[in-house]
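Welcome! Try each task before reading its solution.

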Amino acid sequence: MFSLMLQSTEEKKHEADEDDEMDIRLGAAKLCAYLKEQEGGSLHVETSSVYGIVVVLPQISRSCGWPRGLSLIIVRAYLILFVNFALQLWLIYLLNTENMIWDKFSGKMFVCDFGANMAACPDGKGCIGPDGTKYTPSRLYDYGTWATRNYVRDSLHALFPDRHDDIDAHVDPGEFGMEHPYCRYICVLIFVMSLTSEFNLIVEGCRLLIAIPSKNESWVKYERPKWADKDHVKSVMGWTELDLVKIRIAGMSLQWKIINVLLVLVPKVFLWFSILGAGTVLLMNTGCIDDIIINSTALGFVLCMDELVFATFGTSQARTILDKLEDYPLYSIDYHECLEDQEALLHHEQNENNATLFQKLRSVSRILPSNAIICASIWVSAIAWYYHEHCTQSSDGTWVSKDIRLPRIVILSWGQAFFPSLFTVPKEDEPCWSMPDDSPAEL
């Protein structure tokens, strides 16, 4: 009798272990299946930006029959959008004005690689500064200090023309260049990382307009709970009637898609490229470490202008709508919900054991995020554009600034500020600065 009881206990324990093993395998299979489906991702609208509200509000108002209150909020949303465009364009315009006009009048050349090879100076490559003398650590200054010291020397030349050699021997203005060869690159990378998130939002906006149906569908629906009485659910969950109102991304007509492309996506793309160019020049043309870091932080302020405008001028009604807005899923889990346990296990084993070469390569590609590839591509392209546009290669292979010519105007037109290749800035024929030859001047 005792042996039978012991055998029965062992059988039950064995069965329990098998059930546990089965539950573990089943849990793993269902988890992997759901995670695989979620690779399709979901699309959403920016909920903390003025761009999101001008996309969502007209569709909500249309779904509700264009009530007067919502229609007035839509008008306000578009006014806020135009305020945001005006502020961002104006800030970028001022940055371009500084670069194209006032930096030239101050005689500032592009940094390029000035001072980048300081560790090898005074006898290595790239050791000739913009004043034609050799770099040494004690003679390196930021542009403002260097320009002031040059002004003092030139003033003494003008006051005492007969003592030119004595002044050059005793008044050394030093050289202008960068303090660290990689600080600019790292700060540009940080700046590009913030731009990459904006780039992803633009791409996601395009994908959303393509993915949703090109017909008017309701974005608003009232959903009663199916698992219990509505009043009971509201009492237990602490809900109000507003919690039963669901706002989901749905279809919009082709006309609304075109309006959103013209009023949201196209301006966002234009602003993105404009701030990428202006920000890259600002950071790459700064020599001091602290100034580069401060400038990279300031550029983040320009990027976040749309969120600041919405936080300041947006309405509480608009925030409520955006907070309740649900994402637009690009995947479905209905198939896996209908599978029996054994079917789920078999489906998982087939996916793991019978994967094609393309599926395996795609899995390996997930090791490196696509955002990292996009960010690195933008970063390298921005730096390469800076060197191509503003620098030239010297005889020793290093990059120095192109000749600087004074502009003949002090106020840029909008075309000159944003499309300088099409609307050129008139300049003097003779340069006010050009790179001295490789023979260093006597100190």
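A disulfide is a pair of cysteine sulfur atoms within 2.5 Å. This is a predicted model, where local features need pLDDT of at least 70 and side-chain atom pairs count only at pLDDT 80 or more, while totals for chains, interfaces and linings use all residues. Residues are numbered from 1 along each chain as its sequence is written, and side-chain values use heavy atoms, leaving out hydrogens and water.

**Exercise 1.** Find how many disulfides there are by this rule.

*Solution.* 
- Step 1: The sulfur atoms of C112 and C391 lie 2.0 Å apart, forming a disulfide.
- Step 2: C112 is in the loop between helix 3 (68-105) and strand 2 (140-141) and C391 is in strand 8 (residues 391-393), so this pair ties together parts 279 residues apart in sequence. Helices (H or I, at least four residues) and strands (E, at least two) are DSSP runs, numbered from the N terminus.
- Step 3: C121 and C127 form a disulfide too, with sulfur atoms 2.2 Å apart.
- Step 4: The count is therefore two disulfides.

**Exercise 2.** Decide whether C288 has a cysteine partner.

*Solution.* 
- Step 1: The closest cysteine sulfur to that of C288 belongs to C183, at 9.9 Å.
- Step 2: This is too far for a bond.

**Exercise 3.** Is S49 buried or exposed?

*Solution.* 
- Step 1: Buried means under 20% relative accessible area, exposed over 50%, and partly exposed in between (1.4 Å probe, protein chains only).
- Step 2: S49 has 0% relative accessibility, so S49 counts as buried.
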